[in-house]
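Hello,

Here is the structure I promised to pass on to you. Have a look at it first, and then read my notes below.

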Amino acid sequence: MSLQESPQDLGGWIHYLKDKTLPVRGSVKQRLLQAVESDATTLQTLCNLIKSDPVVCLHLVRVANKLHSEKGSAVTSIEHAVHSLGFDRIQQTIEQLELIRLNAGSVSHKLFFRSTANSHHASIQVREWLKGKGNVFAEELQLAALLYGIGHWMMWLHAPLHMSLIHQKIREKDVDVVLAETDVLGCTIQQISHDLAMEWGLPELVIESLDHETSPGRDSIDLMHRRSLKDPTIDDEERRELNHLVQQKYFPVKLSNWLAITAAFGWRQKKTKQLSMIISDYLCEHTAEVVGKLHQNCATAARIYNVPGTLSHATELIMLESDLVPSYKITPKELKSVVIECPRPSVEQIRLRSRPEEQEIIRTAYAPVEIEFKNEELFKKLAVAFIKGSPKIKTQGHVLQCIHKALADGLGMRHVTLHRVHNSQMATALSSGLPKDNALASYRFDLEIPSIFKRLCDKPGYLWITPQTREKTINALPESYHSFIPESGAILMSLFDGDQPVAIVHADNRDHAIDDFHNKRTRYIYTAAGQAFKNLTTSNSMSS
């Protein structure tokens, strides 16, 4: 891969990362080799030393699990891996480990170690949670929690420019984490961790915990938070759903990593506090007591795994709250001396947004289109058919075709695109006002990824993006959609049939701003279409 090439999707990232190395500090390697060669060292004392470094654990588990898979079994803990390998194989593995010399000025190095510290923190949390529960899978869960974040380790070391860009989106643009990762990488880091775990033959619980299919959505997490607040409006079905989730073997693995990753953005932020309440509900203990234990566990993790030159999360706990954040931008100097061989994000990924001084130009550059209908009679005819019902409108498809016709041929919007929604996927079905080869004509997007589209599919919604609000709004849209929102603004609205989303409509006037005349009439036909769907439901129920 040349320096300018960048993987564009999950398959590309796995191909790029699967054979990359994960080095350890020289002091760690030296300490382990001295222990192995000492006659006073037992496997248990060696195991305790190995458990103090996540990267060493990963290497030994990979070797041990490969041996077990040949016999039809699997590694279930770090202790299991150590005792399976024995002194000779452990020494051989450690001798082959490559070294990394921590560069105090390297953002890539420091955040690589910070990401491994996150994983170690998660594993200590799980260990302490399960101590009092007598869980027979405690050691297996601790191992899975430790290896859950391997995608973050690899990406900060081997694709730091992409990680830096993701953090700029999250910290500076307030973009959702999953959306930021998908925009920059074409997939999520959890998916990268999952497929690397499969590629490297890691234990099954690691793979299962990382599977997106086992991850609860935002609604489920909100429901967990409501339960922690003793919300009396939670019904029996929702309680059964939560009970089923928290009883899964992988649940504490996910929960501990959510905490570790979220706390890395600040212990005092709202999401971290909500997770603390969810954990207290999971442990069936008072929130204040659990928060104290979480902080103690964080301090324990920092004491066991400490990297000079990197700020631990335990240290952040005792610092005064401030706007200061860890460095996450790769400097030109580092690009020339430390991360020379990493892939470069594409030009599309790093294009600059309009600067504040350009905002006034945006506000004044787009003259409103002439205020008149293209075909007022057609517009009114379709609106009446929506509201009063029409024998010609018999299906969802008829409603969608008519709203497109009302906006494009009646109102005269210069561009209208209709995206059908089905099985949590959004795909373009009908478009006018664009060249046939325009990328929007074949656009697809996964609605499980948090974005404005996902919110529009949670309940009926209408969003008018103006030239003044465009810059802020598009950060909540997929990056792949940014170029489809003209500087002059656009309208996005979701259509529902009953409680099910059926389509998202995009309308804009290209080089001309959408004035209040067009906005009011677009909203009117949007409301009328909602009545059309109700009429269909009534008509269908009467005919049956």
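In this predicted model, six strands make up an open sheet with antiparallel pairing, in the order S5-S4-S3-S8-S7-S6. Strands here are DSSP runs of E with at least two residues, helices are DSSP runs of H or I with at least four, and both are numbered from the N terminus. Two strands count as paired if DSSP finds at least two bridges between them. In general, strands of a sheet pair through backbone hydrogen bonds, either parallel or antiparallel. At the edges of this sheet are strand S5 (444-446) and strand S6 (462-465), each of which pairs on one side only. From one strand to the next, the twist averages 20°.

Before going on, two notes on the numbers. Residues are numbered from 1 along each chain as its sequence is written, and side-chain values use heavy atoms, leaving out hydrogens and water. As the model is predicted, local features need pLDDT of at least 70 and side-chain atom pairs count only at pLDDT 80 or more, while totals for chains, interfaces and linings use all residues.

Now to strand S8 (residues 500-508): is it largely enclosed or open? Eight of its nine residues are buried, so S8 is largely enclosed by the rest of the structure. Buried means under 20% relative accessible area, exposed means over 50%, and partly exposed is in between (1.4 Å probe, protein chains only).

S8 has these partners:

- Strand S3 (residues 415-422) runs antiparallel to S8, and six bridges join the two. Leucine 418 is opposite valine 505 in S8.
- Strand S7 (residues 490-497) pairs with S8 over seven bridges, also in the antiparallel sense. Leucine 495 is opposite alanine 503 in S8. S7 and S8 form a hairpin with two residues between them, and glycine 498 in the turn has a positive phi of about 70°.

Further along the sheet, strand S4 (residues 425-432) and S5 are antiparallel and share three bridges. There, glutamine 425 faces aspartate 446 in S5.

Which helix lies across S3, S4, S7 and S8? That is helix H23 (residues 396-411), which runs at about 160° to S3. Axes are lines fitted to C-alpha atoms, for helices over the stretch in contact, and angles between N-to-C directions run from 0 to 180 degrees.

Next, a helix pair. Helix H4 (residues 54-69) packs against helix H7 (residues 138-147) at an angle of about 110°, and their axes are 10 Å apart. H4 and H7 are therefore roughly perpendicular to each other; angles of 65 to 115 degrees count as that, under 35 as roughly parallel, over 145 as roughly antiparallel and the rest as oblique. In the contact (heavy atoms within 4.5 Å), Pro54, Cys57, Leu58 and Val61 in H4 meet Leu143, Leu146 and Leu147 in H7. Seven of the contact residues are nonpolar, none polar and none charged. Here Ala, Val, Leu, Ile, Met, Phe, Trp, Tyr, Cys and Pro count as nonpolar, Asp, Glu, Lys and Arg as charged, and the others, Gly among them, as polar.

Finally, two loop residues. Most residues other than glycine have a negative phi. Serine 424, in the loop between S3 and S4, has a positive phi of about 60° although it is not a glycine, and it is partly exposed at 31% relative accessible area. Lysine 230 also has a positive phi, near 60°. Lysine 230 is in the loop between helix H13 (218-228) and helix H14 (236-246), and is exposed, with a relative accessible area of 64%.

Best wishes
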